[in-house]
Amino acid sequence: MAGGDSPAETKKGSSKTSKNSKESTLKQKSPAEFFAENKNIAGFDNPGKSLYTTVRELVENALDSSESISELPEVEVTIEEIGKSKFNSMIGLIDRERVDTKLYDDYETDKAREKRLVKEARASEIQAKNLASGKKNKEPGVSRVLKARGEASYYKVTCRDNGKGMPHDDIPNMFGRVLSGTKYGLKQTRGKFGLGAKMALIWSKMSTGLPIEISSSMKSQNYVTFCRLDIDIHRNIPHIHLHEKKANKEKWHGAEIQVVIEGNWTTYRSKILHYMRQMAVITPYAQFLFRFISETPEKNVTVKFTRRTDVMPPIPIETKHHPSSVDLLLIKRLVTDTSKKTLLQFLQNEFVNINKNLAARLIGEMGPDFSPGMAVKSVTSQQMVRIHQLFRQAKFDDPSGDCLSPAGEYNLRLGIIKELHPDMVATHSGSAQVFEGHPFIVEAGVSVGGRDVKQASHILLLFIHLIEFLDLENKSDLLDVIPSGINIFRFANRIPLLFEQGGDVVTRTALKRINWNSYKINQTQDKIGVFVSIVSTKIPFKGTGKEYIGDDISEIATAVKSAIQQCCIQLKSKIVKRLQAREQQERKRSLSRYIPDATGAVYEVLKQMTEEHTKKRKRYKEEETAMLEKVSKLIITKETLKEKLAEHVEQVDYEMALEYATQSGVSEEPRENIYLQQLNPNHSNFIDLHSPTFVFRLIL
């Protein structure tokens, strides 16, 4: 066929077009599917980290729930180890013995097994010799048999609280639909992604296939909602197994969440316990009970962190956006969602720090295409760009920190004292400051001494300074693995940050920007604890895991340094007083050491004078004669002189101490920690007067 394609060629071309059409078909991923494929973003990097993150998410949700109704939090966390047989019975599998042993990853030939046993016997012999000679043994290596990929560990994680609970009909969507929740307004929140228990459910779906179980009841409800569900990851909708109401005989309110996941308690045991302890530091008004139940009873762990105060921080308030913090997408969304009619009303009511007069001035500056009475819904995309440009260039007052809820100096100090029992502690709460239109508050505490606080070494400090001097590319990673002598505790929106410490602004400030010696603090000998809590409507986390705050925001770095320095100034005053008291004790000790020699010498002189007076070789005054007669009659002896001199040293020491206390205006008396509990839990008519070191409660 001249001038055209043959039928064969036409068929071939049609087939190729069809194939390309299939390859170019657009596909969509649901939010649940995205986070399932990128679970490391939400902190589910591996089984051990997943267990830690699950506990963290459940605990933080429990605290938020209790605090939202001004209820003192009571949180119980239980991690129960589930063996292979029990797990198989839970999912309906029957245990099966291996048939083809060579098929498995941990298979060993007879020769390899013999070689391994010989190696282990030799290692045991070396360890026994080292133990006998007093040498330190190295950690034994893990044999290949223990590292089989198929031997997963499973745990049932349960978290129970006394919070506000959840509405019966909302529970399926609250747990089974990703990126749906109640924490997406502009306010200070503990969450990092707004995923909460949803990511734990996704991990459970991926690792065990078992559903999550939720029990919940709200205040004054006469029933408890029980829901068992999992999530359809591809459609991002809940798959409900059971949703029912039960009688609430105990009048309980709160939530209990139970999920079975793959995890690794052995490698993340210390991280989980460290997290619970730091949470007890920053929330001393909460009571935590943590239990780990093992298949081997001797490995069980039970830790209770008792409540030490009933003074709670205020509930964070949702605020409006500051003009300097918005972008084009946000302006477009605000225009779409606003209920205001005119542009003037929109600017005045949808942003902070824009009053009616300023809104009118801004509209006048935007150009002739804008007017105060124009319909806000009629604003075009080009006009939104103009609004955005003006917001970036205009000068606005900084937002206030009234919407924030810091822990407070009292709670921070009490938490440090309760958990670490330091010799000295100082706290400071800075005023609200701003970065990129978001308010933030930095609170700091510095402690000296205490239990479970490490001490620095000269080699460690030299190593740190060497890393900083070389300015290596992976400097933050190296600093992260070094066991720093300064014990750093970091908190963001009142949650502990335990990972990626090396690159954090708090770590770098404490190690590089604070001259500890100038505050009489010895970095190599004293056990130093540095506690920094940052709260904000937007925490500028770095990295995908959101585990540290970068050192590149000058406003935050300056505020952190200032807060730590203020604590150090307070400690310096205490340390100087302690040094002066030590010098005074040393002076008294030195004087007391010479009392026997001094009294002996004085008594010998008195005896000699008495002999001269008796033989009338020398005449003395009347007062001296009376004293010499007492010596001759043994009224004044060497022992009485010793007692009188000791009393004089005590008197001089007391007078010097009194003079010092008068000059410094401080009266130091022996003290012990006293924790006052609320007298009547139902009594709510009172006024709290706050101070950095105490809270005075006036009951009306």
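Lysine 251 is exposed, with a relative accessible area of 63%; here exposed means over 50% relative accessible area, buried means under 20%, and partly exposed lies in between (1.4 Å probe, protein chains only). Lysine 251 sits in the loop between β5 and β6 and has a positive phi of about 55°, although it is not a glycine. This is a predicted model, in which local features need pLDDT of at least 70 and side-chain atom pairs count only at pLDDT 80 or more, while totals for chains, interfaces and linings use all residues. Residues are numbered from 1 along each chain as its sequence is written, and side-chain values use heavy atoms, with hydrogens and water left out.

Serine 220 is another non-glycine with a positive phi, in this case about 70°. Its place is in the loop between β3 (212-217) and β4 (223-232), where serine 220 counts as exposed at 82% relative accessibility.

Now for the sheet that these strands belong to. Eight strands make up an open sheet with mixed pairing, in the order β5-β4-β3-β6-β2-β1-β7-β8. β5 (237-247) and β8 (301-305) stand at the edges with a single partner strand each, so one side of each is left without a neighbour in the sheet. From one strand to the next, the twist averages 15°. Strands and helices are DSSP runs numbered from the N terminus (strands E, at least two residues; helices H or I, at least four), and two strands count as paired if DSSP finds at least two bridges between them. Strands β1 (residues 74-82) and β2 (residues 153-160) run antiparallel and are joined by seven bridges. Within this pair, threonine 78 of β1 stands opposite threonine 158 in β2. Helix α4 (residues 84-91) lies across β1, β2 and β6 (254-263), and runs at about 100° to β1. Such angles run from 0 to 180 degrees between N-to-C directions, with axes taken as lines fitted to C-alpha atoms, for helices over the stretch in contact.

Alanine 407 counts as buried, at 5% relative accessibility. Leaving aside residues up to four places away in sequence, alanine 407 touches Ile282, Pro313, Glu443 and Arg494, contact meaning heavy atoms within 4.5 Å. The C-alpha atoms of alanine 407 and asparagine 493 are separated by 8.9 Å, although the two residues are 86 residues apart along the chain.

Helix α13 itself holds lysine 418, which is buried, with a relative accessible area of 7%. The side chains of lysine 418 and glutamate 419 are joined by a polar contact of 2.7 Å. A polar contact is a pair of N or O atoms within 3.5 Å; within protein, one must be able to donate a hydrogen and the other to accept it, and residues adjacent in sequence count only if both atoms are side-chain atoms.

Finally, helix α19 (residues 622-632) has Thr625, Leu628 and Val631 as its buried residues. They cover an arc of only 115° around the axis, which puts them on the same side of α19; the arc is that of the directions from the helix axis to the C-beta atoms. An α-helix has 3.6 residues a turn, so residues three or four places apart point the same way. The buried residues of α19 pack against α18 (595-614), whereas Glu622 and Glu623 are exposed on the other side of α19. After α19 comes leucine 634, with a positive phi near 60°.
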